[in-house]
Amino acid sequence: MDVIKIKGTDDTPSVTLDAASNTFEIAGRSLPEDVASFYNPILEWLDKYHQSPNPKTIFNFKLVYFNTASSKLLLDILMKLEDLSKAGKDVLVKWHYSEDDEDMKEAGEEYADIVDVPFEQISYT
Amino acid sequence: MNKEEKKDNVSFLEFVYDFYKSMKRHEISLVYEGEITHQITKAFTSLTESNMAKEEESNTVQKKVFHVMVECLQNISKHADEYGTNDYIFSGRGIFLVAKGEEEYSVTTGNTVENTKIPDLKKLLEQVNSLDKEELTELYKKQIKEGRLSEKGGAGLGFIDIKRKTGRNLDYHFLPINEETSFFLLTSTISRNN
């Protein structure tokens, strides 16, 4: 399967989607000029991955900032992971937030409420 | 340069000085009028970020100011209507102000809107202002689940997010320009004592 590897910038997150090395991660800041065109390839990749997923998928979110337009697309990603989990696959979402970032912690809690997928909150310093 | 022009020039420069004094009086740290592009959004947020870091503003306050600035700027770039033409081509122009006082930051935007859009806008702002923290969380969850991304890439979550992040009501005002359009002013306030 193709690998998605995008380097982060000051307005787009770094993204690694690599089934072979079992690495799935979105990290950094997300306020792209055009959210749909940034996230669509990621969503399409997840659709393809759904057809032949790894036995266990751990998806890491390590965001420090995202705007409201991105929040909608992040939910779309989480819903794809929910689909995978509902299809009987082993999926775990790890939501990383800075210890002093109450808002990022809350954002994780809200996503965990909305989607039905195993969800783990991890704080870092 | 003739006498008349010289006089005009002086009065213009005096206006600039008055403008400067007025900015100082209102503690305005950033003011801009024009088209709000993605580049402008990035430039203003990074400028304000580095100023806040220099002044050792707390991380929490920095993040909240950043959040509010991005949502406000993107509101203008996605929603501001053009003024003075018959075809209302999307223009994304507006005025943008950041003020820093002893107790709080305020972010103010102003842009033209078509009068036909005002009732919906008012309804949404009134709704957001009337809700408490938990109710806002519920509205946010409902909107993020059910809402769809607009053609311009908005999620319809901006006002909700601003109130949630600041914990303060949004102040707004509509001033009539002509029969079709009004000037929409919006101020968000971020407390510096968290």
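1. Let me start with helix α6 of chain B, which is mostly covered: eight of its nine residues are buried (under 20% relative accessible area, with exposed over 50% and partly exposed in between, using a 1.4 Å probe and protein chains only). The buried set consists of G158(B), F159(B), I160(B), D161(B), I162(B), K163(B), K165(B) and T166(B). Helices (H or I, at least four residues) and strands (E, at least two) are DSSP runs, numbered from the N terminus.

2. A word on conventions: this is a predicted model, in which local features need pLDDT of at least 70 and side-chain atom pairs count only at pLDDT 80 or more, while totals for chains, interfaces and linings use all residues. Residues are numbered from 1 along each chain as its sequence is written, chains are lettered from A and ligands numbered from 1 in the order in which they are written, and side-chain values use heavy atoms, leaving out hydrogens and water.

3. What covers the buried residues of α6(B)? The cover includes α2 (68–86) and α3 (102–114) of chain A, as well as α3, α4, α5 (133–146) and β5 (181–191) of chain B. Just after α6(B), G167(B) has a positive phi of about 70°.

4. Now the pairing of α4(B) (residues 118–130) with α6(B) (residues 158–166): their axes come within 10 Å and cross at roughly 25° (axes are lines fitted to C-alpha atoms, for helices over the stretch in contact, and angles run from 0 to 180 degrees between N-to-C directions). That makes the two helices roughly parallel, a label for angles under 35 degrees.

5. In this pairing, L121(B), L124(B), L125(B), V128(B) and N129(B) of α4(B) meet F159(B), I160(B) and K163(B) of α6(B), where contact means heavy atoms within 4.5 Å. By class, six nonpolar residues, one polar and one charged take part.

6. Do look at Q74(B), found in helix α3 (residues 59–79) of chain B. Q74(B) is buried, with a relative accessible area of 8%. Leaving aside neighbours within four places in sequence, Q74(B) touches L31(A) and N67(A).

7. On the interface as a whole, 26 residues of chain A and 28 residues of chain B take part in the contact. The area buried between the chains is about 2,200 Å², of which carbon and sulfur atoms give 54% (accessible area, 1.4 Å probe, lost on putting the two parts together and summed over both).

Key:
Angles under 35 degrees count as roughly parallel, over 145 as roughly antiparallel, 65 to 115 as roughly perpendicular and the rest as oblique. Ala, Val, Leu, Ile, Met, Phe, Trp, Tyr, Cys and Pro count as nonpolar, Asp, Glu, Lys and Arg as charged, and the others, Gly among them, as polar.
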